[in-house]
Amino acid sequence: MKRHVIVGRFGPGDRSPVQSADDEQVTRLDLVAGDRMLDHGIGGALTSLKRLDVTPSEMGIDLLVLAAHVHAADTRISRSEQSQDSWTREIRLVIPVSDPARWHAASGTLVQALNFLTGDRWTVGFRARPRKFNSITTSPVTLLPPPFDTVSLFSGGLDSLVGAIDLLESGMTPLLVSHAGDGATSDAQNQLFDQLKKHYKKSAFDRLRVWMAFSTQLVKGVSTENSTRGRSFLFFALGVFAGTGLGSRSTLRVPENGLIALNVPLDPLRLGSNSTRTTHPFYIARWNDLLREVGINASIENPYWNKTKGEMVAECANQGILSDLAAESLSCAHPSSGRWKGRGIEHCGYCLPCLIRRAALDAAWGSGVDATIYTVPDLHAHALDTRESIGQQVRSFQFAIERMRAQPSLANLLIHKPGPLTDEIPKLDQLAGVYRRGLDEVARLIDGVETRPI
């Protein structure tokens, strides 16, 4: 096991020295392809925004470059190989930026956000970009401001679909931002976006899709990592990066139901970062602190923090469009699991996101209306094996539901388990309420399902 250092370099001429210790493995992250084109999706993102008449700021570009370092480290350094406890890695980043002093002043907040998000121990340093890359942005091709008045993450999931429909129905013109992801995720994003364009022909809304990936050999002699606890740092950075080009204070909307945003561990074995914290209120608050400290005129908000997924669906501003498109959205954690049965890409029906999705659609529209195809269509058909994934999540939900029914007031304590909620004191009762209501939705789906070792 070693501590790892990821050092960003703007081309072969970028040779400024970086000190390292004997117990550190240093990895060079080349940010430039060819003479000047930025690599790893950053240059492509700039080109895509230029076509939309959006010119991000230098600080916005810095943020995306920072996210590239985080994403590279998170996906290319194995937890099992490179940590003492099979989870917590020690990672140092050295990032070339346009204003090192400003970023250095905010490094404490940045490290706090990263440590909370991934469960690792991060150290972050900044240095100046080489002279050739002092300025990366180009002048806008038109004097007219871009048509977008907000930015919203668009993952291809049901929550982001509701978020997009609600914005469009309100008369806003969002720029939808996506990380392209794997084939199934990309297909869902493409299908939903195309359908929304057909429904909202008069709106000038559009999207930015970015694919960021790194060679499996980036970190020499080290296996890759697929836990991707840091993925939302990239997603948020993409959204803010785009928002810096809108010409005024921008808001990045992160549509996520309150049950998933809190992500209270269903059982005692899922404490800390073993439960994802991608949209946790504490994490979003640290992002807003970071943006303020570096002087980026933007904010991040989850407009659905106090709603269950079922409430999001039931209250969506256009039920007809949502009903038409819901089955094309992708919520599953492992949509390829049906291949062992000779099936294609589809929802498994029993992972945590699938259970919450099924429960939400039943709660909003009634049982039997959900048109989504599930590999396991009927959870009540036979006993589910708790020694395998098909029964583990259901049993964990049953444990959480039984605990809540026995002592409903526990919700006020359990919502603190994933992380601190000191920023949310005025909202604590509402957060506890959304947790109880979310479990109630799932309870109606799985009551009577038999789970046992088989």
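Contact here means heavy atoms within 4.5 Å. The model is a predicted one, in which local features need pLDDT of at least 70, side-chain atom pairs count only at pLDDT 80 or more, and totals for chains, interfaces and linings use all residues. Residues are numbered from 1 along each chain as its sequence is written, and side-chain values use heavy atoms, with hydrogens and water left out.

Val32 lies in strand 3 (residues 32–33). Strands (E, at least two residues) and helices (H or I, at least four) are DSSP runs, numbered from the N terminus. Not counting residues up to four places away in sequence, Val32 touches Arg9, Phe10, Gly11, Met37, Leu38, Asp39 and Phe133. Val32 is buried, with a relative accessible area of 11%. Buried means under 20% relative accessible area, exposed over 50%, and partly exposed in between (1.4 Å probe, protein chains only).

Thr109 belongs to helix 4 (residues 107–118). Thr109 is buried, with a relative accessible area of 11%. Its contacts, leaving aside neighbours within four places in sequence, are Arg286, Asp289, Leu290 and Glu293. Between Val32 and Thr109 there are 77 residues in sequence and 28 Å in space, C-alpha to C-alpha.

Four strands form an open sheet in the order 2-1-5-6, paired in parallel. Strand 2 (24–30) and strand 6 (121–128) are the edge strands, each pairing on one side only. Two strands pair if DSSP finds at least two bridges between them. On average, neighbouring strands of this sheet are turned by 20 degrees against each other, direction ignored. Axes are lines fitted to C-alpha atoms, for helices over the stretch in contact, and angles run from 0 to 180 degrees between N-to-C directions. Helix 2 (residues 58–76) packs on the sheet and touches strand 1, strand 2, strand 5 (90–97) and strand 6. The direction of helix 2 makes about 155 degrees with that of strand 5. Strand 1 (residues 3–9) runs parallel to strand 2, joined by seven bridges. Gly8 has Leu29 as its bridge partner in strand 2.

A further open sheet has five strands in the order 9-8-7-10-11, with parallel pairing. Strand 9 (206–210) and strand 11 (298–301) stand at the edges with a single partner strand each, so one side of each is left without a neighbour in the sheet. Neighbouring strands here are turned by 25 degrees against each other on average, direction ignored. Five bridges pair strand 8 (residues 174–179) with strand 9 in the parallel sense. Ser178 stands opposite Arg209 in strand 9. Helix 6 (residues 183–199) lies across strand 8 and strand 9, at about 170 degrees to strand 9.

The search of the whole structure finds one cavity of 30 Å³ or more. On a 1 Å grid over the protein atoms alone, a cavity is a set of points where a 1.4 Å probe fits but cannot get out; a pocket is an open set with protein on both sides within 12 Å along at least five of seven lines; lining residues have an atom within 4 Å of a point. Grid points are joined across faces, edges and corners, and a volume is the space filled by probe spheres set on the points. The largest cavity has a volume of about 70 Å³. Its lining includes Leu259, Asn263, Phe397 and Tyr435. Helix 8 (258–262) and helix 12 (352–365) each supply at least two lining residues.
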